Each structure stands twice: as C-alpha cells, then as structure tokens.
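Please look through the sequence and the model below before reading on. The paragraphs after it are meant to be read with both at hand.

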Amino acid sequence: MSVKEKLKRVLIEDLNLEDVEPDEITDDMALFGDGLGLDSLDAVELVVIVQKHFGVEIKDMEEGRPALQTISTLAKFIEERLA
Amino acid sequence: MRMAIQGIGICGGFGQGVAALRAALQTGRVEPQEVCIEHKGMTDRLPVYQAAVDGLTEFIPKRALRRIDHFSKMTLLGACLALKDADLLEADRSRTGVVIATGYGTLKTTFDFLDSYLDFGYSCSSPTHFSNSVHNAAAAHVSMQFKATAPSLTLTQFEMSVSSALLTAQIWLAENRVDQVLFGAVDESCEVLHFWRKKFFAEGEQGPIRPFALETQSAVVGEGVSFLLLTRAEQDAAYAFIDRVKLGNHDVCSLRLPQDVRLIVGADGHKETGPWYAQVLKDRTATAYAPLYGSFPAAAGFDLAVAALMLRERKLYLLEDQGVPETTDLQATEEKLACLKFGPAGDYGLIQLSN
C-alpha cells in the first residue's frame, strides 16, 4: 500500500470521517477549508496520526504548514523523512 | 422542594425513547446482546445490555458528531429525546441547567487514551480522546448543543450518583438559578469492563438478572442514558412529581422506609448489595426493573424514569421473575412510589415520587 493510500485510510479511521470513502479524497484536494473540510483541531490530530502511523515527527508549524496542505504534500513530506 | 418531571429521554438495551421503555415493561423481558472478550488467544462471551445511538442523527448532523464519543452521544441522545418529549426542542434554554450523574464516566475513551499513551508515548496520545475522557465532556456537549447557558455539572458518586445529582438539581431550582434542569443519568460499558467483570464474577455475570435472589451474583453488564426534564413543582407535571430525595448510610443511621409508598429497588444482581436490601425490605414487597436494562450505577435513573412513566399511566408493571408478568392499576390520585438504591457499603439513595 502506498503512503498516499495509507494516509487516506488512516485519516478516515482516526478522524472518524464516516461519510467519506478513500476514493473520494483526491491527491490534490485541500485538507482544510473547502476541500476535505478539516479544521485546526484536526491539524493537531494529524500531527499525532503521522507520528503514530508513519513514525515521522512534524516538529513545528514551519515545517507542518506546507506539509499539511494536501495528501500529495503530506505523502511527500513523509517519504522524504523516511528515505 | 418538590420537582416536576416534564419530559423523559431514555435509551438502553431495550431501545430508544419512552415507547420502547413502555414496550419493555409490557413484555417484561429484554434479551441482552452477546459480546466477545478476547484475551491471550482465548475468546470468551458475555451478555451485555448495549445502547444504540443511531437515533441521534435525527437531531444532530452526522459530521458534527465525529469528534464525540459513545458516552457523549448517549448523553446527547437522552437530552434530545427528553426535550422532544417535553415539546421544548425549539425553546429558549438560557435558564436551563444541565446536571449529569454517572458512576463510571467515559470509560471507553479513558481506556483508549491510556492505551495510546502506553503504546505510543505521550506525544502520540490523541488530544480528542483526552478532551472527551474528561468526566464533564458530555455535559459540556449538551450545554453547547442546546445553548443551555445556565450551570452545567457532572456528579460521580458510584451508585449514589443519581440521588446526589438530583439534590443538585433541586438546589438550583430552589435558589431560582435556573427554570429547568436537564437531568441525565448515564453510564457506558467497554471491553475493559467486560473483561474484569467476567474475571471477578465469572458465571455470576452470565445472567439472567434475578434482583431478589439477594444472596446470589446474577448481574449483567448494562449501559444507557436516562434524562428527565425537571421544573419547579409550581407547574403541573407531565409525568409525576419528585417529592423528596434522601441520601444516607444505613449502617450509620438506619433507613426507615415510608409506609405509604410502593417500592422500586435498584437490586441488580450484585450480591454485595443484597444484605442491605434484605435488611430494609423484610416483609415489604418491592419491584425491580434491572432485567430490562442491566446492572450499572446510573441505572437508578432508569428506575426513576420507570416510576415516572407508571405514575403518569397509573399502571404498575411487574416483571416475569417477580411472579407473573402483569399490570396493576394504580390509584388515580395520591399514588406514591419510591426508588431505593443501595451501594455495597450501605450507602443509600431514596427518591420519593407522587402523581
């Protein structure tokens, strides 16, 4: 399973997005606001999810903000740290 | 000070709402579900009265519930049903207080949070789990959802939680701090509770519950929520009046039961409370309804809802194991019921109601 696919699955499970299917989350859909509709509380959960499921730490907002834009940017961030 | 019961919102192993409770009382029987307990490669089974909360989406959009745990969902559902029952879903609630009674609190979320802490360290513990694991989270969800800006409080005193919380509601109403109180009794079950109850009580947790086999362990785990919408008694009551709430300890100061009341006891198959009921009941007859919803501290709130419903409908329902399932007509006026709940150390809560 690719990082992107795993990300979509854990987002749905850990954020309880029961009304969303993995296929409905496109790689370039905005995670916050009009896209997937996540909010600031979800951002805190996302930091925990990334560390828990991928072992990658998002240390501060400086590196978190660009990473937490879309599935693509987050997957790229994780893959770079795991490389 | 007397309080008037204007609405009931209830959800348990028997279903959701007053109609489901009435149906359970009429049939006199509710079958628990069976859950699996897995431990060290072994699978065990346990009967549990579980409460479904699917009716909540009638009141609150599903997406708005995604950060809310099962305990708070049950609480919200009970509050919604009570307000709907009282026809007050659209009313101004700026002077509505919220008081929640719970014996265990948010068990599942608390253990989930502890598990994540133990498994992944504190930096990977879910902040949402943490905020939901706080005992007052459910009361806060109710206050926010209904814009109930008066006091909001959660009380935990195990088996005495319901009586204790009712006293708080009574004080708020007497002091004119509020015009109404959304009073809720709620407890949830979870895997950890199932495991330890099975380990401690073994076959004594297999059911069926026999409330009056006072020397025998016959409890069945339960969960659910029972809400009452309370006002001062200067208004007519849609259901019944709560005349008196008394907390005490029978070992310290003997409980003298009033003679002019019919008794509903919270005997729920826990044999450690059996001797206390045996001491005070002696020649008195009593009824018990734990076989309809299970054994948990907040079930005293279910007894209260049953009493209120029976007073409104002027019917006394008896369950199968207490003779024959039957219905007795209550007097049209001046009928009195009392709900008695004992804790294992002799603590008791006595709530007297009348029509």
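What follows goes from the contact between the chains to salt bridges, cysteines and some single residues.

This is a predicted model, in which local features need pLDDT of at least 70 and side-chain atom pairs count only at pLDDT 80 or more, while totals for chains, interfaces and linings use all residues. Residues are numbered from 1 along each chain as its sequence is written, chains are lettered from A and ligands numbered from 1 in the order in which they are written, and side-chain values use heavy atoms, with hydrogens and water left out.

Begin where the two chains meet. Chain A gives 16 residues to the contact and chain B gives 12 residues, contact being heavy atoms within 4.5 Å. The size of an interface is often given as the accessible area lost when the parts come together. Here chains A and B bury about 1,200 Å² between them, with 46% of it on carbon and sulfur atoms; buried area is the accessible area (1.4 Å probe) that two parts lose on being put together, summed over both. Of the area that chain A buries against chain B, 37% comes from A:E45, A:V48 and A:K52, more than from any other three residues.

The interface also holds polar and charged pairs. Nine residue pairs, both residues at pLDDT 80 or more, are in polar contact across the interface of chain A and chain B. A polar contact is a pair of N or O atoms within 3.5 Å; within protein, one must be able to donate a hydrogen and the other to accept it, and residues adjacent in sequence count only if both atoms are side-chain atoms. On the side of chain A that touches chain B, eight residues are nonpolar, two are polar and six are charged. In this grouping Ala, Val, Leu, Ile, Met, Phe, Trp, Tyr, Cys and Pro are nonpolar, Asp, Glu, Lys and Arg are charged, and the others, Gly among them, are polar.

Side chains of opposite charge can pair when their charged atoms come close. The term salt bridge is used for a side-chain nitrogen of Lys or Arg within 4 Å of a carboxyl oxygen of Asp or Glu. Over all chains the count is 25 salt bridges, and between chain A and chain B the count is five. One of these pairs is B:K62 with A:E18, whose closest N and O atoms are 3.8 Å apart. Another salt bridge links B:R63 and A:D19, with 3.8 Å between the closest N and O atoms. B:R63 lies in the loop between β4 (42–49) and α2 (70–85) of chain B and A:D19 in the loop between α1 and α2 of chain A, so this pair joins two chains. Helices (H or I, at least four residues) and strands (E, at least two) are DSSP runs, numbered from the N terminus. Salt bridges that share partners also join A:D39, A:D42, B:R66 and B:R67 into one network.

Within chain A, the side chains of A:K8 and A:D27 form a salt bridge at 2.9 Å, N to O. A:K8 is in helix α1 (residues 3–14) and A:D27 in the loop between α1 and α2 (40–54), so the pair ties together parts 19 residues apart in sequence. A:K8 is buried at 13% relative accessibility, whereas A:D27 is partly exposed at 26%. Buried means under 20% relative accessible area, exposed over 50%, and partly exposed in between (1.4 Å probe, protein chains only).

How many disulfides does the structure hold over all chains? There are zero, a disulfide being a pair of cysteine sulfur atoms within 2.5 Å. For B:C80, the nearest cysteine sulfur is that of B:C11, 11 Å away. B:C80 is buried, with a relative accessible area of 1%, while B:C253 is exposed at 53%.

In chain B, B:Q352 belongs to strand β16 (residues 347–354) and is buried at 12% relative accessible area. Leaving aside neighbours within four places in sequence, the residues in contact with B:Q352 include B:F241, B:D243, B:P258 and B:L337.

The last stop is the backbone. Most residues other than glycine have a negative phi, and most peptide bonds are trans. B:F158, which is not a glycine, has a positive phi of about 45 degrees; B:F158 sits in the loop between β6 (152–155) and α6 (161–174). B:N176 has a positive phi near 65 degrees and is in the loop between α6 and β7 (180–187). The peptide bond that joins B:G207 and B:P208 is cis, with omega about -5 degrees.
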